[in-house]
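Visitor: I'm new to reading protein models, and I'd like to know where the labels come from. Could you walk me through a few of them?

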Amino acid sequence: MLIPKDQVQWREVRYLKEPLEATDEEATWKYKFILPEPLASWDVFSYWEKERIASMEKHLKKGDVLYDIGTESGWCNLAYAEIVGAENMVLIEPTAIFWGNIKQTWEKNMSVPPLAALHALLSDKSTTDPFPRGFYGTQGAYPLAAENDIVDRNAYTYIHENTENVPEIKLDDFVELTGYVPDALTMDVEGAELLILKGAENTLRDHKPKLFISIHPDLGERDYGVKPEQVHEYLSQFGYAGEHLATDHEEHWYFEVA
């Protein structure tokens, strides 16, 4: 269901509780965001992907250009932006209905726009040249889909069932198009990890960005015929070694060139 912009209820939410066993009042919280309902009533903000955030805090710094591949409805990227700086974030999301959430949530929390915003499927091929107008924006601009109202549900657009005709583009081509070379990539793409990495061959070889990847063994094998070890084997060709961060609803990994 879509919620008109003037009817959205916004609420402050605390994220990442320390120590976890303390009461909410006694604990220290790392981040505070302003999020729309019903997302703001989610009950996992105290611990959600805490290992991934801790690794980002360790390995990234202000000024790093970070590509967020799979921004979804746009709240984890708020924590990433505090680590590297909002002006250094590239937001990438293929699902049109999420873009209203992404833009409005970003503007509620950040005083500057992201470096770039891309409404597309990153893939191992580019299906359009030049890239269609209205699907990406740089230096404060957003894709046209960002004018959507807020959506209160999750519905994803996948490469293997791209019925919405969302443009596909290789990360290498987007980097060449914009000139925005990533210092790091964070990726949560529901099993399409290897396809996207294959479209980033030049970027991986020439620029060696740090990688924070959620590997989905079940979805990768079911939808793309890819096993987790194939992701590791591919990255090893470019000198990457992986550090396992956690396994919960998926596997969280940090990769860097050894």
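Visitor: What makes the link between the side chains of Ser123 and Asp124 a polar contact?

Guide: First, keep in mind that this is a predicted model. The side chains of Ser123 and Asp124 are joined at 3.1 Å. The cut-off for a polar contact is 3.5 Å between N or O atoms, and neighbours in sequence count only if both atoms belong to side chains.

Visitor: What does the pair tie together?

Guide: Glu18 is in strand β2 (residues 10-18) and Lys30 is in strand β3 (residues 28-36), so parts 12 residues apart in sequence are tied together.

Visitor: What makes Glu18 and Lys30 "partly exposed"?

Guide: That label covers values between 20% and 50%. Glu18 has 39% relative accessibility and Lys30 has 34%, so both are partly exposed.

Visitor: Which residue forms a salt bridge with Lys30 at 2.6 Å?

Guide: That's Glu57, with 2.6 Å between the closest N and O atoms. This pair links distant parts of the chain, since Glu57 is in helix α1 (residues 50-59) and Lys30 is in strand β3, 27 residues apart. Glu57 is partly exposed too, at 30% relative accessibility.

Visitor: How many salt bridges turn up in the whole structure?

Guide: The search finds 11. One of them joins the side chains of Arg222 and Asp223 at 2.8 Å, N to O.

Visitor: Are Arg222 and Asp223 buried or exposed?

Guide: One of each! Arg222 has 60% relative accessibility, and over 50% means exposed. Asp223 has 18%, and under 20% means buried. There's also a network: salt bridges with shared partners join Lys5, Lys103 and Glu147.

Visitor: Why is Lys103 called buried?

Guide: Lys103 has a relative accessible area of 16%, and the label needs a value under 20%, so Lys103 is buried. This residue lies in helix α3 (residues 99-109). Setting aside residues up to four places away in sequence, Lys103 touches Tyr142, Ala146 and Glu147.

Visitor: What makes helix α2 "mostly covered"?

Guide: Eight of the nine residues in α2 (residues 76-84) are buried. Among them are Cys76, Leu78, Tyr80 and Val84. After α2 comes Gly85, with a positive phi near 105 degrees.

Visitor: How do you know that Tyr254 is buried?

Guide: Tyr254, in strand β14 (residues 251-257), has a relative accessible area of 2%. That is under the 20% cut-off, so Tyr254 is buried. Leaving aside neighbours within four places in sequence, its contacts include Ser55, Phe212, Ala241 and Leu245. Tyr254 and Lys210 are 44 residues apart in sequence, but their C-alpha atoms are 7.6 Å apart in space.

Visitor: Which side chains make polar contacts with the side chain of Tyr254?

Guide: The side chain of His59 makes one at 3.4 Å, and that of Glu256 makes one at 2.6 Å. The limit is 3.5 Å, so the distances of 3.4 Å and 2.6 Å both qualify.

Visitor: How do you know where empty space is left?

Guide: Rolling a probe the size of a water molecule over the atoms shows it.

Visitor: Which residues line the largest cavity?

Guide: The lining includes Gly191, Ile215, His216 and Val231. Helices α7 (217-224) and α8 (228-236) each give two or more residues to this lining. By type, the lining divides into five nonpolar, three polar and two charged residues.

Definitions and conventions. Residues are numbered from 1 along each chain as its sequence is written. This is a predicted model: local features need pLDDT of at least 70, side-chain atom pairs count only at pLDDT 80 or more; totals for chains, interfaces and linings use all residues. Side-chain values use heavy atoms; hydrogens and water are left out. A salt bridge is a side-chain nitrogen of Lys or Arg within 4 Å of a carboxyl oxygen of Asp or Glu. Helices (H or I, at least four residues) and strands (E, at least two) are DSSP runs, numbered from the N terminus. Buried means under 20% relative accessible area, exposed over 50%, partly exposed in between (1.4 Å probe, protein chains only). On a 1 Å grid over the protein atoms alone, a cavity is a set of points where a 1.4 Å probe fits but cannot get out, and a pocket is an open set with protein on both sides within 12 Å along at least five of seven lines; lining residues have an atom within 4 Å of a point. Ala, Val, Leu, Ile, Met, Phe, Trp, Tyr, Cys and Pro count as nonpolar, Asp, Glu, Lys and Arg as charged, and the others, Gly among them, as polar. Contact means heavy atoms within 4.5 Å. A polar contact is a pair of N or O atoms within 3.5 Å; within protein, one must be able to donate a hydrogen and the other to accept it, and residues adjacent in sequence count only if both atoms are side-chain atoms.
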